[in-house]
Amino acid sequence: MLNNKYELWDIKDGTGITKIVGPDGKPFMDGLQRSDLQLAWSLSVDWFNPHGNKIAGKKKSVGSMAMAC
């Protein structure tokens with residue numbers, strides 16, 4: 001339960017995920033009011049040079065990929 005309207009404890013508390021509608025026109029995340037399982041996936045990919053964005057110097061690449069259900 002939210003303590004105030006600005007605290008988010010789960011992705012389902014945000015407005016973005018609650019505005020997504022399914023193919024039937026009903027909200028995709030409807031508080032488990034359906035008999036079928038509906039999942040929302042998130043994919044994040046980020047690559048960067050740990051030594052800064054320099055033209056000369058060491059060139060390395062570090063990255064991360066994360067997926068959440």
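Modeller: Let's settle one term before we look around: helices (H or I, at least four residues) and strands (E, at least two) are DSSP runs, numbered from the N terminus. And keep in mind that this is a predicted model.

Colleague: Fine. How many helices and strands are in the chain, then?

Modeller: One helix and two strands. Read from the N terminus, the order is α-β-β. The helix is α1 (15–18), while the strands are β1 (42–48) and β2 (62–68).

Colleague: With a prediction I always want to see the confidence. Where in the chain is it lowest, and where is it highest?

Modeller: pLDDT is the predictor's confidence in each residue, from 0 to 100. Here the chain averages 76, and 75% of the residues score at least 70. Confidence is lowest in α1, with a mean of 76, and highest in β2, at 90.

Colleague: Next, burial. What share of the residues counts as buried?

Modeller: The cut-off is under 20% relative accessible area for buried, with over 50% for exposed and partly exposed in between. Of the 69 residues in this chain, 6% count as buried. The chain exposes about 6,400 Å², and carbon and sulfur atoms supply 60% of that.

Colleague: Which element gives the most to it?

Modeller: That's β1, with three residues.

Colleague: Let me test the cut-offs on one member. Why does Leu 43 count as exposed?

Modeller: Leu 43 lies in strand β1. Its relative accessible area is 58%, so Leu 43 counts as exposed, the cut-off being over 50%.

Colleague: And Trp 41, where does that one sit?

Modeller: In the loop between α1 and β1. Trp 41 is exposed because its relative accessible area comes to 55%. Leaving aside neighbours within four places in sequence, Trp 41 is in contact with Met 67, Ala 68 and Cys 69. Met 67 is 26 residues away along the chain, yet the two C-alpha atoms are separated by 7.1 Å.

Colleague: What about Ala 40: what is it in contact with, beyond its neighbours within four places in sequence?

Modeller: Ala 40 is in contact with Ile 17, Phe 28, Ala 68 and Cys 69. Ala 40 belongs to the loop between α1 and β1. A relative accessible area of 27% falls between the two cut-offs, so Ala 40 is partly exposed. Its C-alpha and that of Ala 68, 28 residues apart along the chain, are separated by 8.4 Å.

Colleague: How do pairs like that figure in the contacts of the chain as a whole?

Modeller: Contact means heavy atoms within 4.5 Å. Take the contacts between residues at least 6 apart in sequence: 17% of them join residues at least 24 apart.

Colleague: One last stop, Val 62. Which residues does it touch, not counting those up to four places away in sequence?

Modeller: Asp 46, Trp 47, Phe 48 and Pro 50. Val 62 is in strand β2 and is partly exposed, with a relative accessible area of 35%. Val 62 and His 51 are eleven residues apart in sequence, and their C-alpha atoms are 9.9 Å apart in space.

Methods:
Residues are numbered from 1 along each chain as its sequence is written. This is a predicted model: local features need pLDDT of at least 70, side-chain atom pairs count only at pLDDT 80 or more; totals for chains, interfaces and linings use all residues. Side-chain values use heavy atoms; hydrogens and water are left out. Buried means under 20% relative accessible area, exposed over 50%, partly exposed in between (1.4 Å probe, protein chains only). Accessible areas come from the Shrake-Rupley method with a 1.4 Å probe; for residues, only the protein chains shown count as cover.
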